[in-house]
Amino acid sequence: MEVTDLHPLACGRTVEDVWDELDSGTPSAHLAECPHCRTARASLEQLAAATADLIDDPVDVPTGLLDRIMTAVRADVNLGRTLPLGSADVELSVPALAAVLRYAVDAVPGIRARQCRIELVDNRPDTVRVSMTVALKFGAGQVTALEQARERAATALYAQIGYTVESLDFEIVDVWTDPR
């Protein structure tokens, strides 16, 4: 079976043939007599009228739309380093992976994630080593908080990405207290 992008009609012609005839301004006798081509012609004329209405309709561009579009474009361009994801030709942005880890760590009371460094383990494409700097709340049971953060990060990484954590090292770079 041949696969084509054309849209065939029952008469043997295609919708694209009808469109080309209308576009040329010299419709054939077949187009005037064939019920399939006339139906396609009517549909194409409705489409052209609707398109013209949309072109003529003034649009109020929301404030900041261009900035939002450019931010999204820059985010796509700045994916940063990527890691392979599974056996398919899919790659995962390291900043996105770091965001998953930071979110998991931030969910633990008394600990806040800061910087995150991720490296693949050689010969194990689904296993990573993670180094993360964190801030701890003074008197919040630091050892327990770090153990919970390590467990949550590993669980989130496996559940959401499919990666296994070989090691997750924390470096405490700050301590905070609640404001009085």
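**Close-up 1. R129 and its salt-bridge partner E166.** R129 is partly exposed at 34% relative accessibility (partly exposed lies between buried, under 20% relative accessible area, and exposed, over 50%, using a 1.4 Å probe and protein chains only). Its partner in a salt bridge is E166, with the closest N and O atoms 2.8 Å apart (a side-chain nitrogen of Lys or Arg within 4 Å of a carboxyl oxygen of Asp or Glu). This pair ties together distant parts of the chain, 37 residues apart, with E166 in strand β5 and R129 in strand β4 (strands are DSSP runs of E, at least two residues, and helices are H or I runs of at least four, numbered from the N terminus). R124 joins R129 and E166 in a salt-bridge network.

This is a predicted model, where local features need pLDDT of at least 70 and side-chain atom pairs count only at pLDDT 80 or more, while totals for chains, interfaces and linings use all residues. Residues are numbered from 1 along each chain as its sequence is written, and side-chain values use heavy atoms, leaving out hydrogens and water.

**Close-up 2. E45 and R41 in helix α3.** Here the N and O atoms of the salt bridge come to 3.0 Å. The two residues are four apart in helix α3 (residues 35-56), so about one helical turn separates them. E45 is partly exposed at 42%, and R41 is too, at 27%.

**Close-up 3. E21 in helix α1.** E21 sits in helix α1 (residues 15-24) and is buried, at 11% relative accessible area. Leaving aside neighbours within four places in sequence, its contacts include R13 and L31 (heavy atoms within 4.5 Å).
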